[in-house]
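Hi,

Here is the structure I promised to pass on to you. Have a look at it first, and then read on for what turned up in it.

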Amino acid sequence: MLKNYTKMALKVLLRRKLFTCISLFTISFTLMVLMVAASLFDHVFGSFPPETRSDRTLLVSSMRGEHDESPGYSLQGPSYAFLERYVSPLANAEKVSIYRSITTVTTFREGGKVESQLKCTDGAFWEILEFDFLEGRPYSAQEVEEGRRVAVINEATRRVFFGEEQAVGQHIELKGLPFRVVGVVPDVPFYRMVPFADVWVPHSAFGTDAYRRYDSLFGPFQALILAPGAAAIPLIHEEFADVLTRIEYPNPDRINRLVASPTTLLDMVANLVFALGALTGRGLMVLVVVLALLFMLLPVISLVNINTTRILERASEIGVRKAFGGSSLTLVGQFLAENVILTLLGGAVGLALTWLVLQMLGAAAVVQYADFQLNHRIFLYGLVMTLFFGLVSGVWPAWKMSRLHVVEAFQRRKR
């Protein structure tokens, strides 16, 4: 039966080429826009190396100080001392890493200026994030503790400093000091904010521990928390909330309360975009889905009208089939199958257009080190949206025409 439906659908589509082209354009263009948006969203928040454990990874990236008798301060990053004292000991965490926010360092090489994005981390950073090493290895917790001048660099930095030669064992200069390269990793796109950098070095590599002795609550650091499983995340939240009640404030006359919480990257973005605590990551996902459905509403209405017009032209066919005992359910199944085949064709075109747009975005270098590619998740999203198009835009016209009486069907044909 499906084979017959397919043959019939192809003949019907070829019968009115203008309607078919309009339908295919509407479907493919709408799906292209939605799949490009879904791909960008997936590349920012999805599971990609080195962030392969995002479902059980939390961040402590900002907090706000408040006082009972004065308005709160703006959001600021935590200090190393705060994170080391109150976050690192969390009992429900599997691992905790403290790293410094990105800074730009300038190196002069062969008469030219090279600017690199530098990130200072500890050894646990490489245990939580799963980088694919092209050369060498990460630096260890012991090397961090000993203040070794070692560095991990990305592919782009290797090309700038060493061309196609092996980088491990060679040295690069950072802030006037020589660092021995111990590892090379693939370029991490800028939108992967936690692992992104050109060069990673230990906190202690610059010969000072002033960052540890800085007794303020606030500073340019962040903490990455790996939970042993999804079930441990609520426990980490509870433990962290309890920790906040036991903080020793250096200036209690100015700040005697902190507002902060470990969050996923999606929650963090939702908070930044929609104000602190106003929307969670799950709420952001719901909002994105609702906006996508609203965006699809107009093309679906357009397709309903086109499909209705197309089916009206087949009134005599409907009358004949009903006269020979064809059931309404069989007619609905045929019309839906025809519409799904049409939308699958449009989906295939939309998928090709999506690939083309993503390649253009990557080639344009809109985002540093961006590598937008289609993957199985985007293909699945596209398939679901295509079937949604096909079913929703075909149900009403199919049901309406299947309800036609035989006499009415022949009368419509005569008009």
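In helix 8, the residues Ile-233, Ile-236, Glu-239, Phe-240, Val-243 and Leu-244 are buried, where buried means under 20% relative accessible area, exposed means over 50%, and partly exposed is in between (1.4 Å probe, protein chains only). Viewed down the axis of helix 8, these buried residues fall within an arc of 145°, so they line one face of the helix; the arc is that of the directions from the helix axis to the C-beta atoms. The background is simple: an α-helix has 3.6 residues a turn, so residues three or four places apart point the same way.

Before going further, please keep in mind that this is a predicted model, in which local features need pLDDT of at least 70 and side-chain atom pairs count only at pLDDT 80 or more, while totals for chains, interfaces and linings use all residues. Residues are numbered from 1 along each chain as its sequence is written, and side-chain values use heavy atoms, with hydrogens and water left out.

What does that buried face of helix 8 pack against? Its buried residues pack against strand 1 (57–60), helix 3 (80–87), strand 11 (221–226) and strand 12 (257–259), with contact meaning heavy atoms within 4.5 Å. Helix 8 itself covers residues 233–244, and its 12 residues reach 17 Å from the first C-alpha to the last, close to the 16 Å expected at 1.5 Å a residue. That expected span is 1.5 Å times one less than the number of residues.

Now for the whole chain. There are 14 helices and 12 strands; helices (H or I, at least four residues) and strands (E, at least two) are DSSP runs, numbered from the N terminus. Of the 415 residues, 45% are buried. Among contacts with a separation of 6 or more, 76% are between residues 24 or more positions apart.

Two bridges join strand 7 to strand 10 (residues 199–202) in the antiparallel sense, and Val-152 stands opposite Trp-200. Two strands pair if DSSP finds at least two bridges between them.

Strand 8 pairs with strand 9 over four antiparallel bridges, and Glu-173 stands opposite Pro-178. In the hairpin of these two strands, which has two residues between them, Lys-175 takes a positive phi near 55°.

Lastly, a few single residues. Cys-21 counts as exposed at 52% relative accessibility, whereas Cys-120 is buried at 8%. The C-alpha atoms of Cys-120 and Thr-103 are separated by 8.9 Å. Thr-103, in strand 4 (residues 103–109), is partly exposed, with a relative accessible area of 27%.

Happy exploring!
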